[in-house]
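Subject: Structure handover

Hello,

Please find the structure below. My notes on it follow.

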There are 2 protein chains.
Amino acid sequence: MTAGPAGDTRARLLRTALKLFTEHGVEGTSLQMIADALGVTKAAVYYHFKAKDEITEAVVEPALKELTRIITEAARLRRRGAQVDYLLDGFVDLVVRHRALVALFSSDPGISRAIEKSFFDGGDEDTKENLLGILAGPDADLTAHITAVVTLTGIAMAGGAPHFAGVDDETLRAALLDVARRLHRRPRR
Amino acid sequence: MTAGPAGDTRARLLRTALKLFTEHGVEGTSLQMIADALGVTKAAVYYHFKAKDEITEAVVEPALKELTRIITEAARLRRRGAQVDYLLDGFVDLVVRHRALVALFSSDPGISRAIEKSFFDGGDEDTKENLLGILAGPDADLTAHITAVVTLTGIAMAGGAPHFAGVDDETLRAALLDVARRLHRRPRR
């Protein structure tokens, strides 16, 4: 773990951790396994992270930061249609680019907890409200709220489904967006 | 556990187990806790079930049997529109009536494993194919497959979401069905 600056090592460690989490689950992956896969000592891993929880949170952090940015930017747009379009584009793109992580989120309680901790508990209250609020719209009724939840969870579950693992990013993105836009009665592109 | 015939006792045991699973997770629930909640000895629980896995499978079994029946009956209908209508009606109703179990399925790996074991691995291959096949339709393209997966996972996640726990069955059923039918371009009722 001496090759390259510390930033590169950290990134390599997180990529390796995500790969091992995918193969063995968060619970089934030890710091020792991460060290072995990187060909370094456990002490070298400890230099970057004091516990597995810290690694799990660091693995999900970039995607959560992107999601927060998408929500904040969508909320700044003036027309409601433009807000929904921006959020659906951004969310679908995020799910497709982070497919491995999203697949873990929907199947591994360790990743779910890390996301809940970082985003849903720790995150800015306005940001969380905005995620569902933008999709459901102002004065949303129950059907609008359910549409928003079905969209976010359904897109995440379908995007991370092993069934579609062989589909290339562009094709998957177009199909997911098509379904998400139909749910929100947005015109097909 | 001497009050009533053995069938009643088993049903009471399964209701108690589901309640404890909801509160503590499958992992966090022991046979001893189930016995204590029922006011019986652990030996009395062992009389019905040899291990927690057997209890978990028995807890999910009635809902899975209902799902299999719904799929089989839908597949027998002649018109494709009628098949989709029947499946959406049945699936939404099942999710609403088994909300507590569905909520666990989307958050507890113990319940997920039991469902996969009983239905997706152990189940009849035709039944599994039919579940997605009926919704996606013959000669389905990627968007049709994704629509089917978004519908089933999104409806299950929304139906089991704590956010909607206070909504009565009839109202929740109508809203979920509205969203599911929109996804499949079926006319509103």
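Which residues of chain A does UniProt list for "DNA-binding region"? The unreviewed UniProt entry gives residues 30–49 of chain A; UniProt positions are in the numbering used here, feature names are shortened, and annotations may be inferred rather than shown by experiment. Over residues 30–49, chain A is 75% helix and 0% strand, with 12 Å between the end C-alpha atoms. Helices (H or I, at least four residues) and strands (E, at least two) are DSSP runs, numbered from the N terminus.

This is a predicted model: local features need pLDDT of at least 70, side-chain atom pairs count only at pLDDT 80 or more, and totals for chains, interfaces and linings use all residues. Residues are numbered from 1 along each chain as its sequence is written, chains are lettered from A and ligands numbered from 1 in the order in which they are written, and side-chain values use heavy atoms, with hydrogens and water left out.

On the two chains: a rotation of 180° with 0.0 Å of shift along its axis places chain B on chain A, with an RMSD of 0.0 Å (least squares on C-alpha atoms of residues with pLDDT of at least 70 in both copies). That is the relation of a two-fold axis. B:Gly154 is the residue of chain B that comes closest to the rotation axis, at 2.1 Å (C-alpha).

Within chain A, the axes of helix α4 (residues 52–76) and helix α5 (residues 80–97) come within 8 Å and cross at roughly 170° (axes are lines fitted to C-alpha atoms over the stretch in contact, and angles run from 0 to 180 degrees between N-to-C directions). That makes α4(A) roughly antiparallel to α5(A), the term for angles over 145 degrees.

Regards

How values were computed. Parallel < 35°, antiparallel > 145°, perpendicular 65-115°, else oblique.
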